[in-house]
Structures are given as structure tokens and as C-alpha cells.
Amino acid sequence: GTPIASLFESGVIPGILVAIALMSVIFVLSRKPGCPWKTHEWKGWKHVLHCFKDAAFSIVAPFLTFVCIAAGITTATEWHHIYATTAQKLVYTLTFPQFKDLLPMMIRSAVMSAAILMIASMAGVMGWVLAIDQIPQKICNLMISMTNSRIAVLFIIQIFLLFVGMFMDAAPAVLILVPVFMPIMKQYGIDPVHFGLLMCFN
């Protein structure tokens, strides 16, 4: 029941901070002498403008996504349909793919979609098994017996998510672990938007 728009809005400031941190690391490391960085010759501001023009849709799309969903203009599902349709039109307009290239593209898309659906289905089965065995309730009771501090609980969950992320992809991890941790969040009075943000960033 958590609004998608709230999740988008909550990720703006942390996303900007992460981007600044990554740019700072790249800037510091790039100034370090003796590093084997691959460099290119400076081709002037016209080349930079040309690159921005080629990447205009990719640059503007995230901002349009945030505005359309946060302002309630479209739902997340409607916007992704519009985005996919627009991207498809641009591919046909800018790259002019030949008909013989369509079949390999469709096969790759089908294989990727099938893999994602298989992962999601198995994660759904795993979540059902956990619910039948009342694993979320047992973990919640264990957490309550260990500590009453919300900060300590969030810290423990973040360490666990970091460990799980070493072995499991993001999509099945979210599908399996969110139903497990949500009762704990409700028990400790933690905002679901806050937990969703931490889950995505970890």
C-alpha cells in the first residue's frame, strides 16, 4: 500500500548525494598521477554539445519519469508503457534497423523477459513457503527479544541485506525479503517509505 510516488520522491536527495560522492571519487582518482586511465583528445565544446544532443532522450527521461509519477500525471505502469513505446519509435527513427535484425532483437528480449519471470515466479513460491511456515512472525519475535531499538534493528537488517546482495540478484531479494521484514517494520513503527529507500540503496 506504499505509494510509488512517495518512493520516487524519497530517493531524490539520497540519489543526488550518491551521485556527488561517486563523482568526487572519480575526480580524486583521476587526478592521481601514474594511473593507467584511458584518455581522449579534447575535441571542443561543439563535440560536447553533439554528445548531449545524441543523449538528450536518455538524460531527460529520468526527470520526466519523476515528474509524471510524482505529480500524478500517470501511474508507474502507464509511464513505463509510454517510455518503452517512445524509445522504440526513436530506435526506428534514428538507427533504421533492417528487418533481418528484428528477429534476433525479439529473441533476446524474449529470453531476458523469460529469465526475469522465472526468477519472479520462484521468488513468489519462496515467499509463499515462508508465509506458510510463519517465518516473518518468528523473525519478528526474535528481533523483539533481542532489542527494542529501531536503529539497531535497521542496522542489523542492512548488514543482512548487504550479505544477501553478495549472492542474490536484486529482484528476487526484494520479492522474498520484503514480506519477511515488513512485519518487523510495522512492529517497530518504521515508515515503509524509509525502509523501501534503504532496501533499494542496499
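## A tour of the predicted model

Select Gln158: at 18% relative accessibility this residue counts as buried (under 20% relative accessible area is buried, over 50% exposed, and in between partly exposed, with a 1.4 Å probe and protein chains only). The model is predicted: local features need pLDDT of at least 70 and side-chain atom pairs count only at pLDDT 80 or more, while totals for chains, interfaces and linings use all residues. Residues are numbered from 1 along each chain as its sequence is written, and side-chain values use heavy atoms, with hydrogens and water left out.

Stay on Gln158, which is placed in helix H8 (helices are DSSP runs of H or I, at least four residues, numbered from the N terminus). Leaving aside neighbours within four places in sequence, Gln158 is in contact with Leu198 and Asn202 (contact means heavy atoms within 4.5 Å).

Next, show helix H8 (residues 150–164) with helix H9 (residues 170–188); their axes come within 11 Å and cross at roughly 175°. H8 is therefore roughly antiparallel to H9 (an angle over 145 degrees). The axes are lines fitted to C-alpha atoms over the stretch in contact, and angles run from 0 to 180 degrees between N-to-C directions. On the H8 side, select Arg150, Val153, Leu154, Ile157, Phe160, Leu161 and Val164; they meet Ala173, Leu177, Phe181, Ile184, Met185 and Tyr188 in H9.

Move to Gly127 in helix H6 (residues 99–132). Gly127 is buried, with a relative accessible area of 19%. Its C-alpha atom is 9.8 Å from that of Pro172, at a sequence separation of 45 residues.

Then pick Phe57 in helix H4 (residues 56–70), a partly exposed residue with a relative accessible area of 29%. Beyond its neighbours within four places in sequence, Phe57 is in contact with Tyr83, Thr86, Ala87 and Leu90. Phe155 is 98 residues from Phe57 along the chain, and their C-alpha atoms are separated by 38 Å.

Finish at Ile13 in helix H2 (residues 12–30). At 55% relative accessibility, Ile13 counts as exposed. Select Ile16, Leu17, Ile20 and Met23 as well: with Ile13 they make a nonpolar surface patch of about 510 Å². Patch residues have over 30% relative accessible area and no salt bridge, with nonpolar side chains (Val, Leu, Ile, Met, Phe, Trp, Tyr) joined within 5 Å and like charges within 9 Å. A salt bridge is a side-chain nitrogen of Lys or Arg within 4 Å of a carboxyl oxygen of Asp or Glu.

Methods:
Accessible areas come from the Shrake-Rupley method with a 1.4 Å probe; for residues, only the protein chains shown count as cover. Helices (H or I, at least four residues) and strands (E, at least two) are DSSP runs, numbered from the N terminus. Angles under 35 degrees count as roughly parallel, over 145 as roughly antiparallel, 65 to 115 as roughly perpendicular and the rest as oblique.
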